[in-house]
Amino acid sequence: MNNSAKILLIIALAAFAFFGIVYTQESDFTIQEQGKTRTGAHIDTHLEFLGLGLRYPGPVSVVPYWLRMPEIETPGDYFQYPEGANLIPLADKDISEIRNSLKDLIEDKFYDSLVFGNLKGYQYDMKQGKIHRREYYVKYSRGDTIYVISGLIGKFLSFYRSLPGKDVISIDQLKKEVEKLSPSIKLKNEIPIIKKANEHIYFNEYLDRDQKIRIRNYQIVESWQETDKDRDDSIGKYYNLIEITKFLDEEAMP
């Protein structure tokens, strides 16, 4: 390379740096616009199994009580974004925590730089300012599969995968799906997957206190605006959801 070419290259690199032009690898994920869909219940509700309910009365938080709760061990439904919370920048140490926790927990083929670049921070208060929460959230899709990465900073990280359909998967199927998502998790035979159900819904839960891991599987309904042949117009579209949560603080473990 001659001197003129070197000078042109240096000028080009400087221009890229000055104007903030960044090369982004092509992604097959699509970021979902937050707040455009609402996760509902299947006939009854899975909210009781998530520790949510009317026991949090009154206008004590900008975030609706059916999304977030003040109890740290049952903080809410983190598949849904914190509606009403203030958007905040994530500090470098927060980003490092999230990135390392995610890398150790979930296969990297289930997220990429586009997904991580769209992770947003949120904050809000509960109980008249006595409880301060800082969270993060991103919702995205690949094909007909929906993913969510969310969590409470310093407390836990949750990863969700939801597939369309009304089928209830077996415990053996659940274990196989978890292994695909997170090979680092070793499900122990001595820890049962507890089945909580009523006449309308099912809710499976596994909690390993040594690994600080929780796995949950249940059915949700997403309310979409667009027409879908699998959609029940009176309710929404059914999905089978798997949650994998890594606890960073024992205080947050149920």
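## Lys212 and Glu250

In this predicted model, Lys212 and Glu250 form a salt bridge, with the closest N and O atoms 3.8 Å apart. Lys212 sits in the loop between S9 and S10, and Glu250 in the segment after S11, so the pair ties together parts 38 residues apart in sequence. Lys212 has 23% relative accessibility and counts as partly exposed. Glu250 is exposed, at a relative accessible area of 57%.

The structure holds 13 salt bridges. One joins Arg216 to Glu243, with 2.8 Å between the closest N and O atoms. Arg216 belongs to strand S10 and Glu243 to strand S11, 27 residues apart. Arg216 is buried at 6% relative accessible area. Glu243 is buried too, at 0%. Through shared partners, salt bridges link Glu205, Arg214, Arg216 and Glu243 into one network.

## Helix H4

Helix H4 spans residues 171-181, and its buried residues are Leu174, Glu177, Val178 and Leu181. Viewed down the helix axis, they fall within an arc of 100°, so they line one face of H4. The face turned away carries exposed Asp172, Lys176 and Lys180. Cover for the buried residues includes helix H2 and strands S7, S9, S10 and S11.

Glu177 forms a salt bridge with Arg161, the closest N and O atoms being 2.7 Å apart. This pair links helix H4 to strand S7, across 16 residues. Both Glu177 and Arg161 are buried.

## Whole chain

The protein has four helices and eleven strands. Of its 254 residues, 43% count as buried. Its accessible surface comes to about 13800 Å², with 52% belonging to carbon and sulfur atoms.

Methods: Residues are numbered from 1 along each chain as its sequence is written. This is a predicted model: local features need pLDDT of at least 70, side-chain atom pairs count only at pLDDT 80 or more; totals for chains, interfaces and linings use all residues. Side-chain values use heavy atoms; hydrogens and water are left out. Helices (H or I, at least four residues) and strands (E, at least two) are DSSP runs, numbered from the N terminus. Buried means under 20% relative accessible area, exposed over 50%, partly exposed in between (1.4 Å probe, protein chains only). Accessible areas come from the Shrake-Rupley method with a 1.4 Å probe; for residues, only the protein chains shown count as cover. The arc is that of the directions from the helix axis to the C-beta atoms. Contact means heavy atoms within 4.5 Å. A salt bridge is a side-chain nitrogen of Lys or Arg within 4 Å of a carboxyl oxygen of Asp or Glu.
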